[in-house]
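Here is a quick tour of a few residues and where they sit. Have a look at the sequence and the structure first, then read on.

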Amino acid sequence: MSIERLERKGGVVWRVRWRDEHGRNRSKVLGRKRDAEAFDAEVRRLKRTRELGQLDAGKQTLAEFGQDWWTLHAEPQLAKVTLELYAMLWDVHILPRLGELKLRDLTAEEIQRFRVDLEAAGVGPVSIRKALTLLHGILQRAVEWGRIPVNPAAAIRKPKAKRTRTVQPLPPVVVERIRRYLLERRRMRDTTLVSVLAYAGLRPGEALALSWAHIREHTILVERAASLGEIAPTKTGQTRTVRLLQPLAKDLAEWRLASGRPDDSALIFPGLDGGPWTREQYQNWRKRIYVPTTKACGVDNSRPYDLRHSFISLLIHEGLSVVEVARQAGHSPEMTLSTYAHVFDEHSLGEHKTAEDQIRAARSEDVPVLYPREGADPQIPSRGGRIRTADLLLPKQAR
């Protein structure tokens, strides 16, 4: 390392020379000797602490670093469905607006401008929140890999995540109405899948990744999920066990018998080729089987995922604590309370009843249902016509 005096037309300048961590000759010209001496001292300090690479930190553009982040972090660690979402957010929102900026030029002010630009372009708050979350994660890797000293996205407030609709768990009598409709059409697989979603509280992807080995004597082991035709870790990356309610155990036993007694390694709900369901297969099932069935049973705007809320409602009706409900749902206690607070309030002063007793009572209840002809408007004689989900949630005496 050295400091040299250089005579130039504009006057005297000072050049600092050093070798970088790869042995390459480097230099920097400064206008004042005082600045050159300070820079030389900084180079010496970084060399002693083996942090000489920080001199070049932040020179990459966000677009260039994004390629490193994708190759080294995203592809090896993230699920395919997550990669698809991130690729869309990156290509549509982040890369066109920030890709040419160097990492060192990505200040909190620039990222705030990015957020304002998205809002001005009519991008919704959910997409803005996801884009900022992705950008924050990318820049956090840049900090950890020594490319920038701090994460400028950490100071940016994201739009609040608002639940678009209040959770409305379907009571067991409605779940049984759906099951009976499917059974009458000899759709035993679909009937059993509805039972697993409603009476074990699994996410659809978790249910479709179950093998018979996951069904134990008293519990169901949840350790993976079906995603884009492949088996992957669960959404949270964690393993949990869920109580195996006796009515559900009976449903599963009957389905295994009807399936020809497959061995433990076989999927309980295999796809068309025997492997996990693809996204297209699941979407077709939802559109062609589940939605028409629920509409025929008088339930509008229901998704397969909504059946998960039914199981959690059963646990709350039992009087279980927030912590125990959260554990079986695969949530944090905070998320469980914020999502199901109104359900806890509804049952806090009511009579507690076990989940199994609630299901058995619904199965023994004779609720006559007149299913519609193809293309006709479904009618349920007990209500004199279509009923709303809100009506189904009312206590019997209030209907």
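A residue counts as buried when its relative accessible area is under 20%, as exposed when that value is over 50%, and as partly exposed in between (1.4 Å probe, protein chains only). This is a predicted model, where local features need pLDDT of at least 70 and side-chain atom pairs count only at pLDDT 80 or more, while totals for chains, interfaces and linings use all residues. Residues are numbered from 1 along each chain as its sequence is written, and side-chain values use heavy atoms, with hydrogens and water left out.

Let's start with the accessibility values.

| Residue | Relative accessibility | Class |
|---|---|---|
| Ser-310 | 4% | buried |
| Ser-211 | 5% | buried |
| Leu-85 | 31% | partly exposed |
| Glu-84 | 41% | partly exposed |

Ser-310 belongs to helix H11, residues 306-318; helices (H or I, at least four residues) and strands (E, at least two) are DSSP runs, numbered from the N terminus. What does Ser-310 touch, not counting residues up to four places away in sequence? Its partners are Pro-169, Leu-170, Val-175 and Ala-198, where contact means heavy atoms within 4.5 Å.

Ser-211 sits in a loop instead, the one between helix H8 (204-208) and strand S4 (219-222). Setting aside neighbours within four places in sequence, Ser-211 is in contact with Arg-224 and also with Asp-264, Ser-265, Ala-266, Leu-267 and Ile-268.

Next up is helix H3, which covers residues 80-98 and holds Glu-84. Beyond residues up to four places away in sequence, Glu-84 touches Leu-228 and Arg-279. Leu-85 is in helix H3 too. Together with Met-88 and Val-92, Leu-85 forms a nonpolar surface patch with about 220 Å² of accessible area. Patches like this are made of residues with over 30% relative accessible area and no salt bridge, with nonpolar side chains (Val, Leu, Ile, Met, Phe, Trp, Tyr) joined within 5 Å and like charges within 9 Å. A salt bridge, in turn, is a side-chain nitrogen of Lys or Arg within 4 Å of a carboxyl oxygen of Asp or Glu.

Last stop: Glu-356, in helix H14 (residues 355-364). Neighbours within four places in sequence aside, Glu-356 is in contact with Leu-244, Leu-245, Gln-246 and Pro-247. Between Glu-356 and Leu-244 there are 112 residues in sequence, but 9.9 Å in space, C-alpha to C-alpha. As for Gln-246, its backbone nitrogen lies 2.9 Å from a polar atom of the Glu-356 side chain.

How values were computed:
Polar contact = N/O pair within 3.5 Å; in protein donor to acceptor, adjacent residues only side chain to side chain. Areas by Shrake-Rupley, 256 points an atom, 1.4 Å probe, with all protein chains shown as cover.
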